[in-house]
Amino acid sequence: MKRRKPFGLRTWSTPLTIGSFLLMAVTGVLMFFDVVPGYVSFAHEWFSWFFLIGAGGHIAVNIRP
């Protein structure tokens with residue numbers, strides 16, 4: 001029987017950082033070129049919070065080399 005890994009900080013912090021960074025990059029480029037359909041700036045602001053949370057978790061897990 002295969003054991004499941006616990007859902008710890010390491011399993012979600014790096015994917016959250018990568019995903020939110022990519023979404024912030026896309027919304028940031030759209031905002032730079034004044035292509036602002038709908039809620040682009042709103043999404044950009046909220047994805048920045050997710051990025052900070054994920055980056056904080058990623059740093060906490062990888063603080064020691």
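Me: Is His 44 buried, partly exposed or exposed?

Reply: His 44 counts as partly exposed, because its relative accessibility is 22%; buried means under 20% relative accessible area, exposed over 50%, and partly exposed in between (1.4 Å probe, protein chains only). This is a predicted model, in which local features need pLDDT of at least 70, side-chain atom pairs count only at pLDDT 80 or more, and totals for chains, interfaces and linings use all residues. Residues are numbered from 1 along each chain as its sequence is written, and side-chain values use heavy atoms, with hydrogens and water left out.

Me: Where does His 44 sit?

Reply: His 44 lies in helix 2; helices (H or I, at least four residues) are DSSP runs, numbered from the N terminus.

Me: What is His 44 in contact with, leaving aside neighbours within four places in sequence?

Reply: With those neighbours set aside, His 44 is in contact with Met 24, Thr 27, Gly 28 and Met 31, where contact means heavy atoms within 4.5 Å.

Me: Which residues of helix 2 are buried?

Reply: Val 40, Gly 54, Ala 55, Gly 57 and Val 61 are the buried residues of helix 2. They fall within an arc of 160 degrees seen down the helix axis, so they line one face of helix 2; the arc is that of the directions from the helix axis to the C-beta atoms. The face turned away from this buried side carries the exposed residues Glu 45, Trp 49, Leu 52 and Ile 59.

Me: What do the buried residues of helix 2 pack against?

Reply: They pack against helix 1 (9-32). On helix 1, Ser 13, Thr 17, Ser 20, Met 24 and Thr 27 are buried, and the buried residues of helix 1 pack against helix 2.

Me: Changing topic, how many residues does helix 2 have, and what is its reach?

Reply: Helix 2 has 22 residues and reaches 31 Å from its first C-alpha to its last, close to the 32 Å expected at 1.5 Å a residue. The expected span is 1.5 Å times one less than the number of residues.

Me: And what about helix 1?

Reply: Its 24 residues should span 34 Å at 1.5 Å a residue, and the end C-alpha atoms of helix 1 are 33 Å apart, which agrees.

Me: What comes just after helix 1?

Reply: Asp 34 follows, with a positive phi of about 55 degrees.

How values were computed. Helix = DSSP H or I, 4+ residues; strand = E, 2+ residues; numbered from the N terminus.
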